[in-house]
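This report goes through a protein model, beginning with the order of its elements and ending with a contact between chains. Please keep the sequence and the structure in view while reading.

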Amino acid sequence: MSPRPLTFIAASLALVACAHKPPEELREARATYQKAAADPSTRQETPAELDEARRSLVRAERSFVVEGDTPKTRDRAYIATRKAELALVMGRTADYVESARNAELWQAREALSAEQAENAANAARLAEEQELRAEAERRAALAIAALAEIAAVRSEPRGTIVTLSGSVLFASGKSTLLPSATSRLSQVAEALTAGDPGSTFVVEGYTDSSGSEAFNQKLSEARAQAVREFLVDHGVAPDRIEARGLGESQPVASNATAEGRANNRRVEIVIQPPPS
Amino acid sequence: MRAPMFSLVIVSFALGCATAPAKQAVTESIATVNTAEQLGASEVPQAAKALDYAQHEVAWAKALLINGRHERALLMAQRAESDAALAIVLVREQRARQAAEQAKTPGATAPNP
(Lines give C-alpha, C1' and ligand atoms only; values in the text may rest on other atoms or scores of the structure.)
Protein backbone atom coordinates (compact mmCIF):
# COMPACT_ATOMS: atom_id res chain seq x y z
CA MET A 1 0.00 0.00 0.00
CA SER A 2 1.33 3.42 -0.99
CA PRO A 3 1.62 6.17 1.64
CA ARG A 4 -0.96 8.37 -0.10
CA PRO A 5 -4.07 6.28 0.84
CA LEU A 6 -2.81 6.03 4.43
CA THR A 7 -2.51 9.77 4.67
CA PHE A 8 -6.00 10.08 3.28
CA ILE A 9 -7.40 7.67 5.87
CA ALA A 10 -5.60 9.45 8.70
CA ALA A 11 -6.90 12.81 7.54
CA SER A 12 -10.41 11.38 7.27
CA LEU A 13 -10.26 9.99 10.79
CA ALA A 14 -9.00 13.31 12.08
CA LEU A 15 -11.91 15.09 10.42
CA VAL A 16 -14.39 12.60 11.90
CA ALA A 17 -12.82 13.07 15.36
CA CYS A 18 -13.03 16.84 15.02
CA ALA A 19 -16.61 16.59 13.85
CA HIS A 20 -17.55 14.63 16.97
CA LYS A 21 -15.65 16.77 19.43
CA PRO A 22 -18.25 18.57 21.56
CA PRO A 23 -18.21 22.35 21.34
CA GLU A 24 -16.73 24.43 24.11
CA GLU A 25 -20.21 25.54 25.22
CA LEU A 26 -21.32 21.94 25.70
CA ARG A 27 -18.19 21.02 27.64
CA GLU A 28 -18.75 24.03 29.87
CA ALA A 29 -22.41 23.09 30.34
CA ARG A 30 -21.44 19.57 31.41
CA ALA A 31 -18.82 20.85 33.84
CA THR A 32 -21.12 23.48 35.34
CA TYR A 33 -23.95 20.99 35.76
CA GLN A 34 -21.61 18.49 37.42
CA LYS A 35 -20.45 21.20 39.79
CA ALA A 36 -24.03 22.14 40.64
CA ALA A 37 -25.10 18.51 41.06
CA ALA A 38 -22.17 17.87 43.39
CA ASP A 39 -22.93 20.92 45.54
CA PRO A 40 -24.90 19.89 48.67
CA SER A 41 -26.56 23.30 49.08
CA THR A 42 -27.73 23.34 45.47
CA ARG A 43 -29.06 19.78 45.72
CA GLN A 44 -30.87 20.53 48.94
CA GLU A 45 -32.09 24.10 48.42
CA THR A 46 -32.80 24.27 44.69
CA PRO A 47 -33.77 20.81 43.44
CA ALA A 48 -36.24 22.20 40.88
CA GLU A 49 -33.66 24.54 39.35
CA LEU A 50 -31.08 21.77 39.30
CA ASP A 51 -33.54 19.50 37.50
CA GLU A 52 -34.26 22.26 35.00
CA ALA A 53 -30.52 22.58 34.39
CA ARG A 54 -30.30 18.81 33.85
CA ARG A 55 -33.10 18.89 31.30
CA SER A 56 -31.46 21.79 29.48
CA LEU A 57 -28.22 19.84 29.34
CA VAL A 58 -30.05 16.78 27.95
CA ARG A 59 -31.55 18.98 25.23
CA ALA A 60 -28.11 20.31 24.36
CA GLU A 61 -26.61 16.80 24.31
CA ARG A 62 -29.44 15.54 22.09
CA SER A 63 -28.94 18.49 19.78
CA PHE A 64 -25.25 17.67 19.55
CA VAL A 65 -25.99 14.04 18.71
CA VAL A 66 -28.62 14.88 16.12
CA GLU A 67 -27.26 18.09 14.61
CA GLY A 68 -23.61 18.09 15.63
CA ASP A 69 -21.72 21.27 16.50
CA THR A 70 -24.23 23.82 15.23
CA PRO A 71 -25.17 27.29 16.49
CA LYS A 72 -28.37 25.83 17.88
CA THR A 73 -26.43 23.19 19.81
CA ARG A 74 -24.17 25.90 21.18
CA ASP A 75 -27.20 28.03 22.14
CA ARG A 76 -28.76 25.11 23.95
CA ALA A 77 -25.48 24.34 25.70
CA TYR A 78 -25.13 28.00 26.68
CA ILE A 79 -28.64 27.99 28.16
CA ALA A 80 -27.85 24.76 30.04
CA THR A 81 -24.76 26.42 31.52
CA ARG A 82 -26.76 29.42 32.69
CA LYS A 83 -29.42 27.20 34.23
CA ALA A 84 -26.78 25.27 36.18
CA GLU A 85 -25.16 28.55 37.29
CA LEU A 86 -28.55 29.84 38.39
CA ALA A 87 -29.08 26.73 40.54
CA LEU A 88 -25.62 27.17 42.06
CA VAL A 89 -26.20 30.85 42.86
CA MET A 90 -29.59 30.13 44.39
CA GLY A 91 -28.01 27.44 46.55
CA ARG A 92 -25.38 29.89 47.79
CA THR A 93 -28.07 32.52 48.42
CA ALA A 94 -30.01 30.06 50.56
CA ASP A 95 -26.82 29.46 52.54
CA TYR A 96 -26.38 33.20 53.14
CA VAL A 97 -29.99 33.61 54.21
CA GLU A 98 -29.59 30.71 56.62
CA SER A 99 -26.35 32.17 57.92
CA ALA A 100 -27.98 35.57 58.54
CA ARG A 101 -30.89 33.91 60.29
CA ASN A 102 -28.55 31.91 62.50
CA ALA A 103 -26.54 35.02 63.34
CA GLU A 104 -29.70 36.89 64.28
CA LEU A 105 -30.87 33.99 66.43
CA TRP A 106 -27.48 33.82 68.09
CA GLN A 107 -27.55 37.55 68.80
CA ALA A 108 -31.08 37.28 70.15
CA ARG A 109 -29.98 34.45 72.44
CA GLU A 110 -26.97 36.50 73.58
CA ALA A 111 -29.19 39.50 74.28
CA LEU A 112 -31.60 37.29 76.20
CA SER A 113 -28.76 35.79 78.24
CA ALA A 114 -27.41 39.26 79.01
CA GLU A 115 -30.87 40.42 80.04
CA GLN A 116 -31.35 37.39 82.25
CA ALA A 117 -27.95 37.94 83.85
CA GLU A 118 -28.81 41.59 84.47
CA ASN A 119 -32.16 40.63 85.96
CA ALA A 120 -30.47 38.10 88.22
CA ALA A 121 -27.91 40.71 89.31
CA ASN A 122 -30.68 43.22 89.97
CA ALA A 123 -32.61 40.66 91.99
CA ALA A 124 -29.51 39.82 94.02
CA ARG A 125 -28.81 43.52 94.60
CA LEU A 126 -32.41 44.11 95.60
CA ALA A 127 -32.32 41.18 98.01
CA GLU A 128 -29.09 42.50 99.51
CA GLU A 129 -30.59 45.98 99.87
CA GLN A 130 -33.69 44.53 101.48
CA GLU A 131 -31.53 42.56 103.88
CA LEU A 132 -29.52 45.67 104.76
CA ARG A 133 -32.72 47.65 105.18
CA ALA A 134 -34.17 45.00 107.45
CA GLU A 135 -30.98 44.95 109.49
CA ALA A 136 -31.02 48.76 109.75
CA GLU A 137 -34.63 48.74 110.84
CA ARG A 138 -33.87 46.08 113.43
CA ARG A 139 -31.00 48.20 114.78
CA ALA A 140 -33.22 51.29 114.78
CA ALA A 141 -35.89 49.46 116.75
CA LEU A 142 -33.30 48.29 119.29
CA ALA A 143 -31.91 51.83 119.57
CA ILE A 144 -35.34 53.31 120.16
CA ALA A 145 -36.07 50.63 122.73
CA ALA A 146 -32.82 51.59 124.48
CA LEU A 147 -33.74 55.29 124.34
CA ALA A 148 -37.19 54.57 125.71
CA GLU A 149 -35.54 53.41 128.93
CA ILE A 150 -33.83 56.77 129.52
CA ALA A 151 -36.20 59.26 127.87
CA ALA A 152 -39.70 59.77 126.63
CA VAL A 153 -40.08 58.45 123.08
CA ARG A 154 -42.95 59.02 120.71
CA SER A 155 -43.60 58.66 117.00
CA GLU A 156 -44.64 61.49 114.75
CA PRO A 157 -44.91 61.76 110.98
CA ARG A 158 -41.54 63.59 110.89
CA GLY A 159 -39.81 60.77 112.80
CA THR A 160 -39.23 59.35 116.27
CA ILE A 161 -39.04 62.05 118.94
CA VAL A 162 -36.83 61.53 122.01
CA THR A 163 -37.62 64.10 124.71
CA LEU A 164 -35.07 64.94 127.40
CA SER A 165 -36.09 67.14 130.28
CA GLY A 166 -34.28 70.47 130.34
CA SER A 167 -33.89 70.39 134.09
CA VAL A 168 -31.95 67.13 133.83
CA LEU A 169 -29.54 68.58 131.27
CA PHE A 170 -29.04 72.23 132.20
CA ALA A 171 -29.06 74.57 135.18
CA SER A 172 -31.71 77.28 135.03
CA GLY A 173 -30.93 79.93 132.42
CA LYS A 174 -27.68 78.16 131.39
CA SER A 175 -26.62 76.27 128.31
CA THR A 176 -23.79 74.31 129.89
CA LEU A 177 -24.54 70.63 130.34
CA LEU A 178 -24.75 69.47 133.94
CA PRO A 179 -22.25 66.76 134.94
CA SER A 180 -25.18 64.51 135.76
CA ALA A 181 -26.50 64.86 132.22
CA THR A 182 -23.47 63.36 130.56
CA SER A 183 -24.27 59.80 131.60
CA ARG A 184 -27.71 59.95 130.07
CA LEU A 185 -26.52 61.73 126.93
CA SER A 186 -23.76 59.16 126.54
CA GLN A 187 -26.43 56.47 126.47
CA VAL A 188 -28.35 58.54 123.91
CA ALA A 189 -25.23 58.87 121.75
CA GLU A 190 -24.63 55.16 121.99
CA ALA A 191 -28.19 54.38 120.93
CA LEU A 192 -28.09 56.84 118.05
CA THR A 193 -24.83 55.47 116.67
CA ALA A 194 -26.06 51.90 117.05
CA GLY A 195 -29.28 52.64 115.17
CA ASP A 196 -30.01 52.83 111.47
CA PRO A 197 -26.86 54.22 109.81
CA GLY A 198 -29.03 55.98 107.24
CA SER A 199 -31.07 58.00 109.70
CA THR A 200 -30.36 61.66 110.53
CA PHE A 201 -31.00 63.66 113.70
CA VAL A 202 -32.21 67.13 114.64
CA VAL A 203 -31.63 68.44 118.16
CA GLU A 204 -34.34 70.95 119.03
CA GLY A 205 -34.10 73.18 122.12
CA TYR A 206 -37.24 74.58 123.81
CA THR A 207 -37.76 76.86 126.80
CA ASP A 208 -40.65 77.96 128.97
CA SER A 209 -42.05 81.46 128.65
CA SER A 210 -40.13 82.93 131.58
CA GLY A 211 -37.87 85.77 130.46
CA SER A 212 -37.80 87.59 127.17
CA GLU A 213 -38.58 85.81 123.98
CA ALA A 214 -35.24 86.79 122.48
CA PHE A 215 -33.34 85.45 125.45
CA ASN A 216 -35.32 82.22 125.33
CA GLN A 217 -34.61 81.87 121.64
CA LYS A 218 -30.87 82.28 122.16
CA LEU A 219 -30.93 79.98 125.18
CA SER A 220 -32.77 77.26 123.24
CA GLU A 221 -30.29 77.54 120.38
CA ALA A 222 -27.30 77.34 122.74
CA ARG A 223 -28.73 74.34 124.56
CA ALA A 224 -29.52 72.49 121.30
CA GLN A 225 -25.99 73.24 120.11
CA ALA A 226 -24.49 71.99 123.40
CA VAL A 227 -26.35 68.69 123.10
CA ARG A 228 -25.34 68.35 119.47
CA GLU A 229 -21.67 68.92 120.27
CA PHE A 230 -21.79 66.37 123.07
CA LEU A 231 -23.36 63.76 120.77
CA VAL A 232 -20.81 64.48 118.05
CA ASP A 233 -18.01 64.16 120.61
CA HIS A 234 -19.45 60.78 121.51
CA GLY A 235 -19.52 59.25 118.07
CA VAL A 236 -22.45 60.70 116.14
CA ALA A 237 -21.25 61.77 112.69
CA PRO A 238 -21.46 65.59 112.44
CA ASP A 239 -23.03 65.47 109.00
CA ARG A 240 -25.91 63.39 110.39
CA ILE A 241 -26.95 65.80 113.12
CA GLU A 242 -28.02 69.43 113.26
CA ALA A 243 -29.26 71.74 116.02
CA ARG A 244 -31.92 74.39 116.12
CA GLY A 245 -33.46 76.54 118.83
CA LEU A 246 -37.21 77.05 118.94
CA GLY A 247 -37.43 79.15 122.13
CA GLU A 248 -40.77 79.24 123.83
CA SER A 249 -42.70 78.81 120.57
CA GLN A 250 -44.02 75.28 120.95
CA PRO A 251 -45.00 74.59 124.56
CA VAL A 252 -46.21 71.10 125.38
CA ALA A 253 -47.83 72.25 128.67
CA SER A 254 -49.19 75.36 130.28
CA ASN A 255 -46.58 77.92 131.34
CA ALA A 256 -48.92 79.00 134.17
CA THR A 257 -47.77 76.22 136.49
CA ALA A 258 -44.33 75.18 137.66
CA GLU A 259 -44.89 71.63 136.42
CA GLY A 260 -45.99 72.87 133.01
CA ARG A 261 -42.98 75.14 132.68
CA ALA A 262 -40.70 72.23 133.64
CA ASN A 263 -42.20 70.16 130.84
CA ASN A 264 -41.74 72.99 128.37
CA ARG A 265 -38.04 73.29 129.20
CA ARG A 266 -36.82 70.40 127.11
CA VAL A 267 -34.56 69.13 124.39
CA GLU A 268 -36.04 66.95 121.71
CA ILE A 269 -34.03 64.75 119.39
CA VAL A 270 -35.85 63.99 116.14
CA ILE A 271 -34.69 60.73 114.56
CA GLN A 272 -35.50 60.92 110.88
CA PRO A 273 -35.47 57.64 108.95
CA PRO A 274 -33.58 57.53 105.64
CA PRO A 275 -35.67 58.45 102.62
CA SER A 276 -37.06 55.28 101.04
CA MET B 1 -54.25 24.33 -8.77
CA ARG B 2 -55.53 22.71 -5.65
CA ALA B 3 -52.16 21.25 -4.65
CA PRO B 4 -50.21 24.59 -4.69
CA MET B 5 -52.96 26.26 -2.64
CA PHE B 6 -52.83 23.50 -0.09
CA SER B 7 -49.04 23.81 0.11
CA LEU B 8 -49.32 27.57 0.63
CA VAL B 9 -51.75 27.06 3.50
CA ILE B 10 -49.48 24.48 5.11
CA VAL B 11 -46.40 26.75 4.81
CA SER B 12 -48.28 29.75 6.21
CA PHE B 13 -49.51 27.69 9.13
CA ALA B 14 -46.01 26.38 9.80
CA LEU B 15 -44.57 29.89 9.67
CA GLY B 16 -47.24 31.12 12.08
CA CYS B 17 -46.47 28.29 14.48
CA ALA B 18 -42.75 29.10 14.37
CA THR B 19 -43.26 32.84 14.82
CA ALA B 20 -45.53 32.83 17.84
CA PRO B 21 -43.22 31.02 20.30
CA ALA B 22 -40.26 33.13 19.24
CA LYS B 23 -42.19 36.39 19.68
CA GLN B 24 -43.50 35.17 22.99
CA ALA B 25 -39.98 34.22 24.12
CA VAL B 26 -38.61 37.63 23.13
CA THR B 27 -41.41 39.38 25.03
CA GLU B 28 -40.74 37.30 28.12
CA SER B 29 -37.00 37.86 27.94
CA ILE B 30 -37.54 41.62 27.68
CA ALA B 31 -39.71 41.49 30.83
CA THR B 32 -37.04 39.53 32.69
CA VAL B 33 -34.33 41.95 31.57
CA ASN B 34 -36.48 44.84 32.83
CA THR B 35 -36.89 43.10 36.19
CA ALA B 36 -33.13 42.60 36.45
CA GLU B 37 -32.57 46.29 35.67
CA GLN B 38 -35.13 47.38 38.27
CA LEU B 39 -33.51 45.19 40.90
CA GLY B 40 -30.23 47.04 40.34
CA ALA B 41 -28.33 44.33 38.46
CA SER B 42 -26.13 46.96 36.85
CA GLU B 43 -24.74 47.79 40.32
CA VAL B 44 -23.56 44.25 41.05
CA PRO B 45 -20.50 43.44 38.89
CA GLN B 46 -21.31 39.81 38.01
CA ALA B 47 -24.99 40.56 37.59
CA ALA B 48 -24.15 43.55 35.40
CA LYS B 49 -22.16 41.28 33.09
CA ALA B 50 -25.05 38.80 32.81
CA LEU B 51 -27.48 41.69 32.25
CA ASP B 52 -25.26 43.05 29.49
CA TYR B 53 -25.26 39.66 27.77
CA ALA B 54 -29.03 39.45 28.11
CA GLN B 55 -29.55 42.90 26.60
CA HIS B 56 -27.39 42.02 23.60
CA GLU B 57 -29.14 38.70 23.17
CA VAL B 58 -32.55 40.39 23.20
CA ALA B 59 -31.39 42.74 20.45
CA TRP B 60 -30.00 39.80 18.55
CA ALA B 61 -33.22 37.80 18.97
CA LYS B 62 -35.25 40.74 17.65
CA ALA B 63 -33.00 40.97 14.63
CA LEU B 64 -33.31 37.23 13.98
CA LEU B 65 -37.07 37.54 14.27
CA ILE B 66 -37.16 40.34 11.72
CA ASN B 67 -35.02 38.24 9.38
CA GLY B 68 -37.45 35.35 9.70
CA ARG B 69 -35.02 33.08 11.54
CA HIS B 70 -37.58 32.17 14.12
CA GLU B 71 -36.07 29.02 15.51
CA ARG B 72 -32.75 30.72 16.17
CA ALA B 73 -34.61 33.78 17.51
CA LEU B 74 -36.39 31.52 19.97
CA LEU B 75 -33.10 30.09 21.20
CA MET B 76 -31.52 33.54 21.42
CA ALA B 77 -34.48 34.80 23.44
CA GLN B 78 -34.08 31.81 25.73
CA ARG B 79 -30.41 32.68 26.13
CA ALA B 80 -31.43 36.24 27.04
CA GLU B 81 -33.97 34.90 29.48
CA SER B 82 -31.42 32.64 31.17
CA ASP B 83 -28.86 35.45 31.41
CA ALA B 84 -31.42 37.92 32.82
CA ALA B 85 -32.64 35.32 35.33
CA LEU B 86 -29.04 34.70 36.37
CA ALA B 87 -28.55 38.47 36.82
CA ILE B 88 -31.56 38.58 39.13
CA VAL B 89 -30.37 35.73 41.35
CA LEU B 90 -26.87 37.24 41.44
CA VAL B 91 -28.35 40.48 42.81
CA ARG B 92 -30.26 38.50 45.43
CA GLU B 93 -27.13 36.56 46.31
CA GLN B 94 -25.18 39.81 46.81
CA ARG B 95 -27.87 41.19 49.11
CA ALA B 96 -28.11 37.95 51.07
CA ARG B 97 -24.30 37.94 51.48
CA GLN B 98 -24.34 41.52 52.76
CA ALA B 99 -27.18 40.69 55.14
CA ALA B 100 -25.27 37.69 56.47
CA GLU B 101 -22.14 39.79 56.99
CA GLN B 102 -24.10 42.51 58.76
CA ALA B 103 -25.89 39.99 60.94
CA LYS B 104 -22.52 38.62 62.06
CA THR B 105 -21.46 42.11 63.16
CA PRO B 106 -22.52 42.64 66.82
CA GLY B 107 -25.13 45.35 67.15
CA ALA B 108 -25.92 45.40 63.44
CA THR B 109 -29.41 44.89 62.13
CA ALA B 110 -29.57 42.68 59.09
CA PRO B 111 -31.82 43.88 56.29
CA ASN B 112 -34.05 41.37 54.54
CA PRO B 113 -32.34 39.90 51.49
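## Chain A in outline

Read from the N terminus, chain A has its elements in the order α-α-α-α-α-β-β-α-α-β-α-β-α-β. That amounts to 9 helices and 5 strands. The model is a predicted one, and every value below is computed from it.

Chain A has 276 residues, and 34% of them are buried.

## Helix H8 of chain A

Helix H8 of chain A covers residues 213-233, which is 21 residues. From its first C-alpha to its last, H8(A) reaches 30 Å, close to the 30 Å expected at 1.5 Å a residue. After H8(A) comes A:Gly235, which has a positive phi, near 110°.

Which residues of H8(A) are buried? They are A:Asn216, A:Leu219, A:Ser220, A:Arg223, A:Ala224, A:Ala226, A:Val227, A:Arg228, A:Phe230 and A:Leu231. The cover over these buried residues includes two helices of chain A, H6 (166-169) and H7 (179-194). It also includes the chain A strands S3 (200-206), S4 (241-245) and S5 (266-272).

## Where chain B meets chain A

How many residues does each chain bring to the contact? Chain B gives 28 residues and chain A gives 20 residues. The size of an interface is often expressed as the accessible area that is lost when the parts come together. Between chain B and chain A the buried area is about 2,000 Å², and carbon and sulfur atoms account for 63% of it. Of the area that chain B buries against chain A, 26% is supplied by B:Leu75, B:Arg79 and B:Glu93, more than by any other three residues.

The interface of chain B and chain A holds 5 salt bridges. In one of them, B:Arg79 pairs with A:Asp75, and the closest N and O atoms are 2.8 Å apart.

On the side of chain B that touches chain A, the elements giving two or more residues are helix H2 (45-66) and helix H3 (70-104) of chain B. H3(B) provides the largest share, 20 residues. Sorted by class, this side of chain B has 15 nonpolar, 4 polar and 9 charged residues.

Note on methods
Residues are numbered from 1 along each chain as its sequence is written. Chains are lettered from A and ligands numbered from 1 in the order in which they are written. This is a predicted model: local features need pLDDT of at least 70, side-chain atom pairs count only at pLDDT 80 or more; totals for chains, interfaces and linings use all residues. Side-chain values use heavy atoms; hydrogens and water are left out. Contact means heavy atoms within 4.5 Å. Buried area is the accessible area (1.4 Å probe) that two parts lose on being put together, summed over both. A salt bridge is a side-chain nitrogen of Lys or Arg within 4 Å of a carboxyl oxygen of Asp or Glu. Helices (H or I, at least four residues) and strands (E, at least two) are DSSP runs, numbered from the N terminus. Ala, Val, Leu, Ile, Met, Phe, Trp, Tyr, Cys and Pro count as nonpolar, Asp, Glu, Lys and Arg as charged, and the others, Gly among them, as polar. The expected span of a helix is 1.5 Å times one less than its number of residues. Buried means under 20% relative accessible area, exposed over 50%, partly exposed in between (1.4 Å probe, protein chains only).
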